[in-house]
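Subject: Structure for your review

Dear colleague,

Please find the structure below for your records. My notes on its salt bridges follow.

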Amino acid sequence: MGHVDGGASTWGLYIKSGGITRFINNTGNKMVITSVGDEERGENYTQDGSVDLRGRPALRSKGGRWTACSFIVGYEVFERMAFYGISANLVVYLTTRLHEGTVTSSRNVTNWVGTVWLMPILGAYVSDAHLGRYWTFLASSAIYLSVRPSPLLIHPSSSFLGMCLLTLVVSLPSLRPPSCPGSSQGCDPRASKFQIGIFYTALYVLAVGTGGTKPNISTMGADQFDDFDPAERAQKLSFFNWWMFSIFFGTLFANAFLVYIQDNVGWTIGYGLPTVGLLISLLVFLAGTPFYRHKLPSGSPFAKIARVLVACSRKWWVPVPSNPKELHEELEVCPTAGKYRIERTPYLSFLDKAAVKNGPSTRWTLCSVTEVEETKQMIRMLPILVATFIPSTMLAQVNTLFVKQGITMERSIGPHFKIPPASLAAFITLSMLICVVIYDRFFVRAIRRYTKNPRGISLLQRMGVGLILHIIIMVVASVTERKRLQIAHENGIFDSRKGITPLSIFALLPQFILMGMADAFLEVGKLEFFYDQAPESMKSLGTSYSTSSLGIGNFLSSFLLTVVASATGRGGHKSWILDNLNESHLDYYYAFFAVLNVFNFLFFLVVNRNYVYRKEVFASTEMELQEENCRKIDS
């Protein structure tokens with residue numbers, strides 16, 4: 001008999017009797033009982049506990065794998081086109097239409113992007129504890145997109161939200177600041193407090209909507225592969241590479257096409273097209289519904305972690321027995337139930353006190369070894385998470401200061417065409433796309449012959465290469481900016497707002513290309529690492545670690561920008577960061593970032609050396625022990 005626990009209202013149970021296995025699934029008030037023969041269950045049904053949308057065991061032949069992933073990857077192409085269609089050029093809108101300065105506009109962009117990437121923590125909680133990934137995703141999509149109540153989007157209160165609201169704000173004359181063409185007398189180009197307020201309201205409603213989509217869509221894609229099937233497990237190794245490929249394919253369209261539309265045609269069409277793209281992406285996702293495999297909610301990961309920490313603190317003085325079998329454990333589950341016990345490990349051993357049997361017990365005084373080990377896994381990843389904050393801060397410069405630099409440079413190609421400064425981000429995408437294909441198709445196949453690692457190199461080694469590239473990026477950016485300032489001063493252009501520096505914008509190209517290469521290593525490796533190393537019942541929370549690093553990195557960028565601008569401007573000195581970039585010293589600022597990256601890389605080396613992969617720790621216990629338990633049950 002095996003049990004899948006999804007919290008108070010959701011659970012699943014395998015009961016084996018007389019050669020027939022019955023799967024009993026209770027979701028809310030509905031109970032489904034399915035009889036599955038041994039031969040069918042072993043060969044035609046998934047063995048990781050995944051179910052279809054109606055809660056029945058998932059047939060291997062009728063869904064999942066790349067068939068289902070094609071719809072999920074297709075969704076991501078259009079969704080990222082929509083998201084980056086807004087974020088890539090946002091600093092230009094804040095500067096030219098809302099008339100915000102360099103520090104203010106850059107800070108507002110990074111604060112918003114930081115919120116976008118932190119909200120997935122909330123979405124991960126709702127998914128893992130209550131709704132599951134599919135329904136959490138759809139509910140959040142309604143907030144992200146919805147223009148009126150719709151049963152298709154299952155969120156009745158979502159009216160004029162997210163993308164539609166933002167499109168209206170930049171379109172309706174009463175909601176946007178006036179253009180004041182030429183020298184219109186009596187025209188005040190400044191936005192009113194109401195117009196500023198409604199614009200930022202739209203942005204942050206959109207941020208809330210992304211909270212449920214970002215942590216669940218990639219996790220749901222990875223769920224389409226059964227780890228207990230060798231062929232599917234091998235396919236899963238390439239999933240995150242191609243997932244990032246789809247992300248940057250959509251980003252390429254946004255940076256190359258939508259940004260040009262916004263700069264040269266208008267913001268209404270420039271924001272309207274991403275809204276339509278997001279609607280298309282949702283329809284693509286819904287079209288794949290019959291093929292998706294689903295994981296049952298497994299209870300709040302935060303509650304599990306809190307119970308372990310509370311139980312440990314209450315028994316701080318209690319010694320841990322030398323025999324691990326004396327610790328409390330509840331699970332004796334077959335792998336086909338989708339949940340299995342985890343044996344005790346020697347790491348963070350003080351947490352084992354939570355599993356020590358000592359007097360009367362409640363859920364907040366006694367936890368199972370499996371719950372303790374799940375908590376250990378999430379805590380052990382925290383130092384790696386911290387090491388990703390600084391490179392995430394570097395990414396924040398792409399849509400802020402890098403764009404500001406481009407505005408001051410020569411952007412003309414021929415007599416009639418000017419490159420939008422935000423479009424250079426397209427080269428990040430192209431570089432990343434090329435690197436991912438080369439990495440997945442050639443590098444991995446060549447290097448794994450020597451390393452014997454199915455991934456070629458370990459996930460942390462891949463992330464380490466990305467960290468090294470971030471050091472190089474900021475050195476290159478500092479040298480390039482120093483050259484730009486030199487040329488500007490040689491030509492007597494002391495105010496970047498009144499003249500264009502005679503240096504081609506393509507001088508910035510190396511730092512953009514290197515950023516794409518860094519993403520191919522660090523961002524892909526980071527996403528896969530946090531998903532792979534998270535416990536089975538906390539995959540969405542693990543994925544939210546990856547997004548939260550981007551969020552914290554953006555907030556850290558805002559903090560550093562404010563502190564450095566203020567600190568360097570004291571004592572009568574000119575600040576490093578001014579509205580007039582030709583009087584600023586972004587070259588010093590980028591050099592400061594390069595030093596930060598060096599220290600961050602040294603920190604990463606320390607935590608990398610002490611980290612033991614979950615698969616290495618549990619490989620022999622997770623499957624072999626559970627298969628042994630199943631054989632005992634059969635007999």
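**Salt bridges and burial**

D226 is buried, with a relative accessible area of 0% (buried means under 20%, exposed over 50% and partly exposed in between, with a 1.4 Å probe and protein chains only). This is a predicted model, in which local features need pLDDT of at least 70, side-chain atom pairs count only at pLDDT 80 or more, and totals for chains, interfaces and linings use all residues. Residues are numbered from 1 along each chain as its sequence is written, and side-chain values use heavy atoms, with hydrogens and water left out.

The partner of D226 is R60: their side chains form a salt bridge at 3.3 Å, N to O (a side-chain nitrogen of Lys or Arg within 4 Å of a carboxyl oxygen of Asp or Glu). R60 lies in the loop between α1 (38-43) and α2 (65-87), and D226 in the loop between α7 (193-222) and α8 (230-264), so the contact ties together parts 166 residues apart in sequence. Helices are DSSP runs of H or I with at least four residues, numbered from the N terminus. R60 is also buried, at 9% relative accessible area.

A salt bridge also joins E232 and R65, with the closest N and O atoms 4.0 Å apart. E232 belongs to helix α8 and R65 to helix α2, 167 residues apart. E232 is buried at 2%, whereas R65 is partly exposed at 29%.

In total, the structure holds 21 salt bridges.

Yours sincerely

Key. Helix = DSSP H or I, 4+ residues; strand = E, 2+ residues; numbered from the N terminus.
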